[in-house]
Amino acid sequence: MEPHLQGEEEETLVQLSTDRRFPPIDLPAPEEAATLEPFSGSEGYQSLTQSAPFLDEDFVQTPKAGAQQGWRRWINDASGGLVTLGPSASEAESTALLERVRTPLTGCRRIVVLSRKGGVGKTSVTLGLGHTFATLRPDRVVALDANPDVGTLGYRIAGLPGRTLTELLDDAEQITRYSEVRKYTTQASSRLEVIASDDDARITRGVGEHEYQAAVDVLERHYNLLLTDTGTDITHSIIQGILAGADQVVLVAAPSLDGARAASKTFDWLEQNGHGYLVRGSVVVLNGVRRRMLVDLDRLAAHFAARSRAVVPLPWDRHLEAGAQTSLEDLHPSTRAAYVQVAAAVADGFGPAH
Ligand SMILES: Nc1ncnc2c1ncn2[C@@H]1O[C@H](COP(=O)(O)OP(=O)(O)OP(=O)(O)O)[C@@H](O)[C@H]1O
Ligand SMILES: [Mg+2]
């Protein structure tokens, strides 16, 4: 007797195929049905529905996205779902901003914070961006102090001090698990992890291109976001290693003539040394290291907007000025908001890795 679909099963399938909650299922042609095993339990159904993935939204009625904040949310809740007021403009805006910061990532993204001028805020931007990503994204985020001079990143976060970059390099071959690499990082309450540079006078071995690459080889196996803080000497060999593997650059410019000129010259150097794509894909942070702004910020922003992918101003912040340990909670709300804008602008560039 030819195996074929029994009355009841066929009925179920017909009902499924017409029910609007279920994706249309194309019933097999009789000659094909004839070759199928009699319908017994799931495997028959699976073979029939192979083409239709099992999507939540096909089976669950998702409530309309109403306001999640403020008086609109209160009315929605108070109405027991009878009323669904949409989000306010500002709520919609911050939701969109968060979605940008949370742009999905595969693998490890290497972001380099640069400027040929000292004291413009490279370390403060690395820190704020790292805290913001670690707070808003599920990813593991690590910031590496690759400043061959006296790097300060390790001093700017509170937490059990980890070992340093040089120690990580000494043990690199033995480090295979995340729990092992964690011994070399200091983790802040934001979840950001930092690997400090060495400023021990007894250490004479400098960290150059190959050492930096060896450190990145270890870190990119355990972290999705790798931020590198740098020094000012763009001709130092370590910069070769840093730029060779960089996916994106964050250029920090102080809104002063000399600060802006040095930043522009950093772009010139990158373009003249084969890194023009990093300039075009870069985010420029106009960082208010000085309280008083003596230059025309809009014109400065326009200058850098013509050479980069995005320009974001970061306001002067009393807490940052101290150069002390910094967490996001310490900062003025407008500084925190500016760091989220920087993070969103950087995340907009999370396309395919370089
Ligand atoms: N937005 C800001 N508002 C106020 N002070 C700031 C701001 N950004 C940075 N600073 C302060 O300016 C000084 C220089 O900043 P930072 O150390 O981040 O610069 P840097 O470019 O990393 O310097 P270096 O070249 O020495 O590594 C620090 O004391 C820092 O705390
Ligand atoms: Mg620094």
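This briefing walks through the confidence, the sheet and the helix packing of the model above.

The model is predicted: local features need pLDDT of at least 70 and side-chain atom pairs count only at pLDDT 80 or more, while totals for chains, interfaces and linings use all residues. Residues are numbered from 1 along each chain as its sequence is written, chains are lettered from A and ligands numbered from 1 in the order in which they are written, and side-chain values use heavy atoms, leaving out hydrogens and water.

**Confidence**

- The protein chain has an average pLDDT (the predictor's confidence in each residue, from 0 to 100) of 84, and 81% of its residues score at least 70.

- Eight strands form an open sheet in the order β3-β4-β2-β5-β1-β6-β7-β8, with mixed pairing; two strands pair if DSSP finds at least two bridges between them.
- At the edges sit β3 (186-187) and β8 (310-314), each pairing on one side only.
- Strands β2 (residues 141-145) and β4 (residues 193-195) pair in the parallel sense over three bridges, and L144 has I195 of β4 as its bridge partner.

**Helices on the sheet**

- Helix α12 (residues 257-272) lies across β1 (109-114), β6 (248-253) and β7 (283-287), at about 150 degrees to β6; axes are lines fitted to C-alpha atoms, for helices over the stretch in contact, and angles run from 0 to 180 degrees between N-to-C directions.
- Helix α16 packs on the sheet too, touching β1, β6, β7 and β8, and its direction makes about 165 degrees with that of β8.

**Helix partners of α16**

- Helix α6 (residues 89-101) packs against α16 (residues 333-347) at about 50 degrees, with axes 7 Å apart.
- The two helices are therefore oblique to each other (angles under 35 degrees count as roughly parallel, over 145 as roughly antiparallel, 65 to 115 as roughly perpendicular and the rest as oblique).
- On the α6 side, L97, R100 and V101 make the contact, meeting α16 residues including V340 and Q341.
- Helix α7 (residues 122-136) and α16 cross at roughly 80 degrees, their axes coming within 9 Å, which makes α7 roughly perpendicular to α16.
- Among the residues that meet here are F133 of α7 and Y339 of α16.

Key. Helix = DSSP H or I, 4+ residues; strand = E, 2+ residues; numbered from the N terminus. Contact = heavy atoms within 4.5 Å.
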